[in-house]
Amino acid sequence: MSLFSPTTVGSIGVRNRVSLAPMTRLRASADGVPGPIVAKYYEQRAGIGLLVTEGVFPSAESKAYPGQPGIVTDEQAAGWARVADAVHAEGGVVFMQLMNGGRVTHTNITGTDRIVAPSAIAIEGDTRLADGSKVAYPVPHALKTEELATVRDEFVKAARRAVDAGIDGVELHSANGYLLHEFLSPASNQRTDGYGGSPEARARFVIEVAQAVVAEVGADRVGIRISPAHNIQDVWEKDDAETRATYEALIAGLAPLGLAYLSVLHADPASDLIQDLRRAFGGTFIINSGFSKMTTRDEAITAVDKGIADLIAVGRPAIANPDLVTRWEQNADENEVDQASVYGPDERGYTDYPFLQA
């Protein structure tokens, strides 16, 4: 196999082993509807084997950022149907990342009267509102045991809406400090019920969400993303026995489900921890080395050639190069990403990057 050879994700064929990493882009309307510009963005990148969208909120309470798209209302679902149609017209495959922001938000962003988390522990620091002002993260509402089913079912309903809109599958966001990841870390999860206090208990809610979503849309349409020991947004995990035990418990619960893939963000994807988790999972494995540096063509080719992963998730190079796979196949020059426009509101730095000239 090679980076440019076809493979399958779940039961779906993809034409190469490059994946678009899920990246926050913030181009939806104030109502969370992905408009034509969003469809164009994903359509332009349909040559990438597996597209994974930016994090999409499954409930108003879970919205993390102004400009983030949702999959709650009929209007939002219709917007994603246009995205799916555009990608499929170009022969592409697209999964939607479902993301509950947990405590990584503010009620002025969600429009609700609370934000939620495993425990009532606020993130230190500020978040930015739609008008550009900064406010401190509030103390979240610690979800009661009986409230967990509601949050779980929001993921299930969102997955159904996405698939019914024509999206090929969903990715559960259990990384980067958002709600599902918050349950995994003892820094953010200090519960004393059956969902905290031990590695197995901290992994329980993520497993239950995955089980419920699989029951609704099928395992071949469900992937999951994790980021062990990737310390961000106050979800602290040491690279130690406790973290290993937590993620081993998580994968032990997920492996029997036969998910479409496991996607891991980690600074060293070839490490013993990550490769042990891969073997325990036993299915399609996607890696992303994180935010510290951009994945290069040679790194991606080598990772697949050496069997470190089945697919390589690529972030910033795919932002700047809508035809990234063509450029990598031809070993052509790449556009450089304009970091200042990554989170902008319009076409600049989004759909205006040039394609390789014939």
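Strand β11 (residues 222-226) pairs with strand β12 (residues 261-265) through 4 bridges, in the parallel sense. Glycine 223 has tyrosine 261 in β12 as its bridge partner. The model is predicted. Both strands belong to a barrel that 8 strands close, and the pairing is parallel.

**The barrel**
- The strand order is β3-β4-β5-β10-β11-β12-β13-β14.
- Neighbouring strands of this sheet are turned against each other by 25 degrees on average, with direction ignored.

**Strand β4 and its neighbours**
- Strand β4 covers residues 50-56.
- On one side, β4 is joined to strand β3 (residues 18-20) by 2 bridges, and the two run parallel.
- Serine 19 stands opposite leucine 50 of β4.
- Strand β5 (residues 94-98) also runs parallel to β4, with 4 bridges joining them.
- Leucine 51 has valine 94 in β5 as its bridge partner.
- From β4, the chain crosses through helix α2 (residues 74-89) to reach β5.
- This β-α-β crossover is right-handed.

**Burial of β4**
- Is strand β4 buried or exposed?
- Of its 7 residues, 7 are buried, so β4 is largely enclosed by the rest of the structure.
- Buried here means under 20% relative accessible area.

**A helix across the strands**
- Helix α1 spans residues 36-44 and lies across β3 and β4.
- Helix α1 runs at about 150 degrees to β4.

Notes
Residues are numbered from 1 along each chain as its sequence is written. This is a predicted model: local features need pLDDT of at least 70, side-chain atom pairs count only at pLDDT 80 or more; totals for chains, interfaces and linings use all residues. Side-chain values use heavy atoms; hydrogens and water are left out. Buried means under 20% relative accessible area, exposed over 50%, partly exposed in between (1.4 Å probe, protein chains only). Two strands pair if DSSP finds at least two bridges between them. A crossover is right-handed if, with the strands pointing away from the viewer, the path from the first strand over the helix to the second runs clockwise. Axes are lines fitted to C-alpha atoms, for helices over the stretch in contact, and angles run from 0 to 180 degrees between N-to-C directions. Contact means heavy atoms within 4.5 Å.
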